[in-house]
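Hi,

Here is the model I promised you. Have a look at it first, and then read my notes below.

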Amino acid sequence: MNSPESPGSRLLLLASKLGYQTRSFAEAAKRLGVEVIIGSDRCHQLDDPWSDGAIPLHFEEPEQAAGRLVEAVRTRPVRAILALGDRQTVTAAYAARLLDLPYNSPESVENCRSKLRQRKVLRAAALPVPDFSSFPLTEPLAAILPRVHFPCVVKPLRLAASQGVIRANNADEFRAAVERIARLLASPEMQVTREQELDRLLVEDFIPGVEVALEGLLEKGRLRVLALFDKPDPLDGPYFEESIYVTPSRLPQEAQNAIFDCAARVASALGLSEGPVHAEFRVNIAGPWVLEMAPRPIGGLCSRTLRFGAARIFLEELLVRHAMGLPHGEMTRESLSSGVMMIPVPSSGILEAIEGVDRAGAVPGVDEVQMTARLHDFIAAWPEGSSYLGFIFARAETPATTEAALRQAHQALHFTITPRLPVVHPATR
């Protein structure tokens, strides 16, 4: 194993300043003797507020951010690069090209960043995607409605975690959904991100069926499936806040194999070749339908639900081992069932109190209850929201027992949320 001082033991980690995962990846790298250099979208005028020496970057300008990153590591050669969120992947791709590191091409990552572009690429490759169209927010709804099939799903082109995603069953619901998403995209919180395509929406046919998530790892274009998660709660709308993930999947093996084959074809069509991928599918009598694939690991703290090998290392360590070319990066997932509940936000408001955490943690099968929302902060429910109250992790002999433990633990929790008083925003009045 490389020593921390050797040039080949440095890992570039691109992450949001608000990301849950950054510390977990940094700790995993440290255990392996790997020095981490962090690139983050924090303010460049602050003097290292987190004392981690992170390089401040503007991920909305990926080529410029990549150039700044390359200049910052000129005297500190690195061996690999990992991006932990959607916004970071494009910068990672350009930086990897400049540094001659194994990673996905900028073109392949750009195929994934826009939901519209991904839909077009996958449809051209004859992969199973919902029928779709797109329109600018300036286009009159009367001109759009004749080409909409109901039920449909309306969504922004760039947001993640189902933020701003709304089902509409008729013309009135469609109008209300478009207006609500438009308000979200015009909000100061969105505009300050300077994200592209905030002025356009995607509308696609609603696909009935069960939903699953696939966690995978690409090496020279070959997909290795790490886990397939069932989502036992129906995700039929009107909003699509995810909650429970449980693995292994309880789908028939034939259905799972069809998903694995579809995922490999999706990665190939998009041009992805290296590193972690997270993909979402709907499955019905017609087989798997592609919802999306992203060249990054599973979000939030959900990676803690996956352990590998006899040592039961977490996903973060597995990905660091793989990226750095260290031994045992090929380990398989443990035999126990595991799952996570992303604790839903019941209503928007000020989080005043959380009760029952100890009771939830004492439920048989529950490994950990981790609250991530801060008391006295405003929390937003879906579809405006994108951050959960916290996470519950469980392990058991069977997926059904794991799911039951998660639900019992959640029932032990109680949240006090009070309305937020309206205020005038200084920028928009």
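Before the strands, a word on terms: two strands pair if DSSP finds at least two bridges between them. Helices (H or I, at least four residues) and strands (E, at least two) are DSSP runs, numbered from the N terminus.

Keep in mind that this is a predicted model, where local features need pLDDT of at least 70, side-chain atom pairs count only at pLDDT 80 or more, and totals for chains, interfaces and linings use all residues. Residues are numbered from 1 along each chain as its sequence is written, and side-chain values use heavy atoms, with hydrogens and water left out.

**Sheets**

L351 stands opposite I417 in strand 21. Strand 17 (residues 349-355) and strand 21 run antiparallel and are joined by five bridges. They belong to an open sheet of three strands, ordered 19-17-21, with antiparallel pairing. Strand 19 (378-379) and strand 21 (414-418) are at the edges with a single partner strand each, so one side of each has no neighbour in the sheet.

There is also an open sheet of four strands in the order 5-8-6-7, again paired antiparallel. Here strand 5 (132-136) and strand 7 (166-168) are the edge strands; each has a single partner, so one side of each is left without a neighbour in the sheet. From one strand to the next, the twist averages 25 degrees (axes are lines fitted to C-alpha atoms, for helices over the stretch in contact, and angles run from 0 to 180 degrees between N-to-C directions). Three bridges link strand 6 (residues 152-156) to strand 7, and the two run antiparallel. V154 has I166 of strand 7 as its bridge partner. Helix 7 (residues 171-186) packs on this sheet, touching strands 5, 6, 7 and 8 (200-205), and its direction makes about 10 degrees with that of strand 6. Contact means heavy atoms within 4.5 Å.

**Helix pairs**

The axes of helix 2 (residues 62-72) and helix 3 (residues 86-99) come within 8 Å and cross at roughly 50 degrees. That makes helix 2 oblique to helix 3 (under 35 degrees counts as roughly parallel, over 145 as roughly antiparallel, 65 to 115 as roughly perpendicular, and the rest as oblique). Residues in this contact include A66 and L69 of helix 2, and Y94 and L98 of helix 3.

Helix 4 (residues 106-113) and helix 5 (residues 115-124) have axes that come within 5 Å and cross at roughly 110 degrees, which makes helix 4 roughly perpendicular to helix 5. Among the residues in contact are E110 and R113 of helix 4, and R117 and V121 of helix 5.

Cheers
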